[in-house]
Amino acid sequence: MEPLSRRKMLAIAAGGAAGVVLPAPAWAVDDQRPGAVRPPTLTPGDRQVAGQVSSRLALPHLRVLSEGIGPRIGGTRSEKKAADYLAGVLDLLGYDTTLQPFPVADKFLAQLDTPGGLPRDLNWQAGASAQAALDVTVRGEVVDVVGGVFPENATGKILLVDYVAADRDALVATAVARGAAAVVFLPADLVEPRRASAFSPVLPGSVNSPVPIPVVGVAQAQKHRLRELHAAGKLRKLTVATVAHRGLTSHNVLAERTHRDGTGPVVMVSAHYDTVIGAPGANDDGSGTVLNLELARVLRRLPVNATLRFGLWGSEEQGLIGSRYYVSQLPQPERDRILAVFQNDMVATSWDPATRYWLLSYTGEANRATDEVAAAADRLGYAPRISPVTLRGSSDHQSFQEVGIASANFSWRGEESPAILEPPYHSPEDTIAKNISLERLQVSIELIGSAAYSVARNPIQA
């Protein structure tokens, strides 16, 4: 990936990269918000936050992350570019900002392309098998192996093959035996609204005797586009490049506005900034990340009685690695200082059915974070759209709750269950154009901003 210069970042932030125009929220502080059941009844602190935060000002940062950098895979250069950008923004806002490094597992990635270029509305990163040819680039004529019927002579061909786990090894062996240049595995479709993500196929080969050709796994959206293009005669040749990323270090981005002597209570707002393979991560979790940046901009000058800390976690998608590392490094007295952690993961989807704002607790029990957001929702007139506190982990709030720190995850999801996520989730379609609502992002910023500022102003509960 080419270096992301400051000039290019500014161009992307200004909208020059994609030119996506999103409807901007337009309401005054005392207006009834879209979807709210009544006008707000705001505290003076709420007014200070709601009168200044703006999802429009968060959008340029999201352009850099999602369009300028794209997939941000834990420990790779793309994730580090994002970490450096985020740290730079927080530095300019006047926070004491640090990068916290930690080791992560090797990653095996692939990139697909054609001589004329593949459609740019999808990202074309895929997963590569660690047991197949790595650090190679192959080009060849495309053959769609429909129904598992291989051509007798596949010499130099790039084969599109339906992925069947039980037949995987035999399919690869047949491709190798018939001279194929590469295998592109196409995943089975999931039940809507779920769609399959890109993946790194696991094969019986080894480092010492790998499969001699690249074997990669694409996402469901990529699969359908490849087949459509091939059927229309617009995909005659394909380039498959694989890269092994080894000896990796991921980073947490930490920023703090210390109150007084730095020994008092701490209020944290957080998100993860990495993505899964092939996903530009506009909503997951670029949206939560830029919510943090916008609140950092507004809260930096408001009067508080606690330390404000922002945590942007690396390598969440590989198992909450960054946040768990952060928590593991905190001595118990430091853990005890943290009053609440507001974790924001997927807070801006434009998917219509995602009408409920979920309060997700790893323990299933309420705590200061859930209580404050529920209270803020009531003041903003949103109480009926907010879920009750619901049992669910699988985001960075879990790392904190596992050691007894009050935390929760906040997210827009389907009405019936927090398991109902938008179709672009973990896919190449998680883009600003296809999966971001500035209106939902604005509501999320107001809710979390009001809640976090309430704790920061009144750290000791009555």
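In the predicted model, a salt bridge (a side-chain nitrogen of Lys or Arg within 4 Å of a carboxyl oxygen of Asp or Glu) joins the side chains of Glu372 and Arg368, with an N to O distance of 3.2 Å. Both residues belong to helix H10 (residues 368-379), where they are four residues apart, about one turn of the helix. Helices (H or I, at least four residues) and strands (E, at least two) are DSSP runs numbered from the N terminus. Glu372 and Arg368 are both buried, buried denoting under 20% relative accessible area, exposed over 50%, and partly exposed the range in between (1.4 Å probe, protein chains only).

Residues are numbered from 1 along each chain as its sequence is written, and side-chain values use heavy atoms, with hydrogens and water left out. Because the model is predicted, local features need pLDDT of at least 70 and side-chain atom pairs count only at pLDDT 80 or more, whereas totals for chains, interfaces and linings use all residues.

Arg195 is partly exposed, at 24% relative accessibility, while Glu429 is buried, at 14%. A network of salt bridges links Arg195 and Glu429 with Asp121, Glu192, Arg225 and Lys434.

A further salt bridge connects Arg309 and Glu256 (2.6 Å, N to O). Arg309 lies in strand E11 (residues 307-313) and Glu256 in strand E9 (residues 248-257), 53 residues apart; both are buried.
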